Amino acid sequence: MGDNGRPSKKPKFSNNSDRESNNDDGEEKDYSKLEWKLDHPNRPLCVCPNRRVFLETFSAFYEQAQDFLIAIAEPVCRPELIHEYSLTRNSLYAAASAGLKAETIISVLNKLSKAKLEKPLIDFIHDATANYGKVKLVLKNNRYFVESSFPEVLNTLLKDYYICKAKISTTITTNNGGEFEIYPKEVETVKQRCSQNGLNYPMLEEYDYRNDNANPNVGMELKPQAHATIRPYQEKSLSTMFGNGRARSGIIVLPCGAGKSLVGVSAASTIGKSCLCLATNAVSVDQWVYQFKLWSTIRDERICRFKSDCKEEATEMLIRRKNNAAGVVVVTTYSMLGCGGNRSGESKNIIEEIKSREWGLILMDEVHVAPAESFRNVIGFTKSHCKLGLTATLVREDDKISDLYFLIGPKLYEANWMDLAKRGYIANVLCAEVRCEMTKEFLAEYKKKENSNNRKQALYLMNPNKFRMCEYLIQFHEQQRRGDKIIVFADNLFTLTEYATKLRKPMIYGATSQAETRKILEEFKTNPDLNTVFMSRVGDNSLDIPEANVIIEISWHGASRRQEAQRLGRILRAKKSKEKHNAFFYSLVSIDTQEIDSAAKRQQFLVNQGYSYKVVTRLQLPNFPPLGSGALSYDRLEDQRVLLKKVLSANEDTVGAIDPPVEDVDDVIDVNEESTSRRHKNGKGQIKRKPKDQAKRHPLFRNR
């Protein structure tokens, strides 16, 4: 530490500080000597000194205890009988921001706990909640101010080098504290320095929207049908946001199909001020506009889309009618605002207008993408009184997920997936990992060292036994269970094309135009003769297909837990069927390959939500001929050898091709079709231009 509180170099904070707080250090802990209460069998919680909390789901007080734990702790794992939670600094700060005092938390925990609470745990709860509300971040007249009613806290902040560097104005101090203005571009740095990982004065962001007379109203309310549709868990999530009569920034976690859009529209309607809604892609933008019009009374002239193929609406509303006194709702994508590159003059004007406005609410769909380097700057340059993040999967494979706690705010609410399924709010899904033996010749080639990773991947994806299993499952759900609608997912484009072409099914991937996509999906929804569609990763999220109730995975993106959950989410919409399981999720895995390891890692998030995967090595479906009794593709050894030759003769680029991430960017390059809103980016976040020479493009994308 240098002079004036200046660090010798820029500090790096651990993003796992809440996991650190359990302090297990890899050692086994012996809790057999805990002081158990005489009536401990009647109490639902076991509260351990390492801040882990275990809840008995069979307790008579389960529901009350679960509601309390959701407010104060992070869910770790929620199988059928025992749920595990963790008390963290972030979760306790969220509890304090909801109005729970340390004494209340300790008192209720003590009442529900089977053993007496130990002093280190009590001290931790006091310490984690002690600084709540001592520092506020306030937006006034499009300028950010740091406020505190505690002079000693204000002095502590101003001794920090980075906070002092971010300060614009002279500090205004009184006996009751004071305030100072900071540069908008330094808001993220200041919030990070004030977080639990830094000075431990997390910044409170609350919006007194009812008394905000400076910003105009949008003039929208929820429709009566929306009030009638809102479910109890949605009400709970909204009450955590508006519990004290003000709007609190934070994150709401609900499973796919559980009505996140209705929660978002309800929040925007309650605040009633200008709202900037951020989505992940162009399809999602259209769906959000539809949801706003479905659930609220917003007028057409008060809502607009801003995406690569639709700028006129935003130009009309934000530029030509700039002096209109009414509030507005703008729906766009993270990429449209966050990605670099050359912009058209029209887009630059719209973005500058978005930057200059004071927003009542920023509504962030799929908020888990926000910590990405190319997207997080959007949070910095858009000025808002309140931020609400929505997601089904608060998980990333890097270490940035905890950044959301200072970028957006604490987690306000997280629903229990299995409870919603039991109550019929989402589908009851049967998950199965179907293991397929590699044929001898494919396995022999897979084991050869000279074959590249791409080639080996193609070998286990095109494993004839896996192909036959996929075809068999499609036949069962199309023929035996009439009415089932099936999505087959494959990240690898070589695999996707081979499967879909051989089985004569339509496919949707990166080069499929939006017009063709809409046509295929409409047929899939309404045509009883079209019951299966193949999709690449472009179908992982944002496609609204409530009719789908079967997923078959044949290829995926590494060990991504989020992708596994997102794909399950495609079939989670509540179903009319009252069967024990009314949706089915199959993951096809080739035995003796690296797929086994990646499949186990992918499943971890859903296992923690209470799902269990049935491992199947020999499949026998009810009231259906066994596998091998009917004609399937590649039954004959000669056909398998032809397939093997095709896999081995294909070039490296072809067998390893995957779709780029689904993005929506501006007119950085020529746009020939709506579908070309998906781009490749280099490491610096700039957009790479596609080669215009068709011969240089992947064969699947030529002449599309």
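Of the 704 residues in this chain, 57% are buried, where buried means under 20% relative accessible area, exposed over 50% and partly exposed in between, with a 1.4 Å probe and protein chains only. This is a predicted model, in which local features need pLDDT of at least 70 and side-chain atom pairs count only at pLDDT 80 or more, while totals for chains, interfaces and linings use all residues. Residues are numbered from 1 along each chain as its sequence is written, and side-chain values use heavy atoms, with hydrogens and water left out.

The chain has 28 helices and 24 strands. These are DSSP runs numbered from the N terminus, with at least four residues of H or I for a helix and at least two of E for a strand.

Helix H22 covers residues 493-503, and it is largely enclosed by the rest of the structure because nine of its 11 residues are buried. Among them are Phe-494, Glu-498 and Ala-500.

What do the buried residues of H22 pack against? The partners include helices H20, H21, H27 and H28, and also strands E20 and E21; contact here means heavy atoms within 4.5 Å.

Now the two ends. Asn-492 caps the N-terminal end, with a side-chain oxygen 3.1 Å from the backbone nitrogen of Phe-494. Just after H22, Arg-504 takes a positive phi of about 55 degrees.

Last, the cores. A nonpolar core is a set of buried Ala, Val, Leu, Ile, Met, Phe, Trp, Tyr and Cys residues joined through side-chain atoms within 4.5 Å. The largest has 100 residues, and Tyr-611 is one of those with the most contacts inside it. Apart from that core lies another, of 50 residues, including Leu-496, Tyr-499 and Leu-503.

Note on methods:
A polar contact is a pair of N or O atoms within 3.5 Å; within protein, one must be able to donate a hydrogen and the other to accept it, and residues adjacent in sequence count only if both atoms are side-chain atoms.
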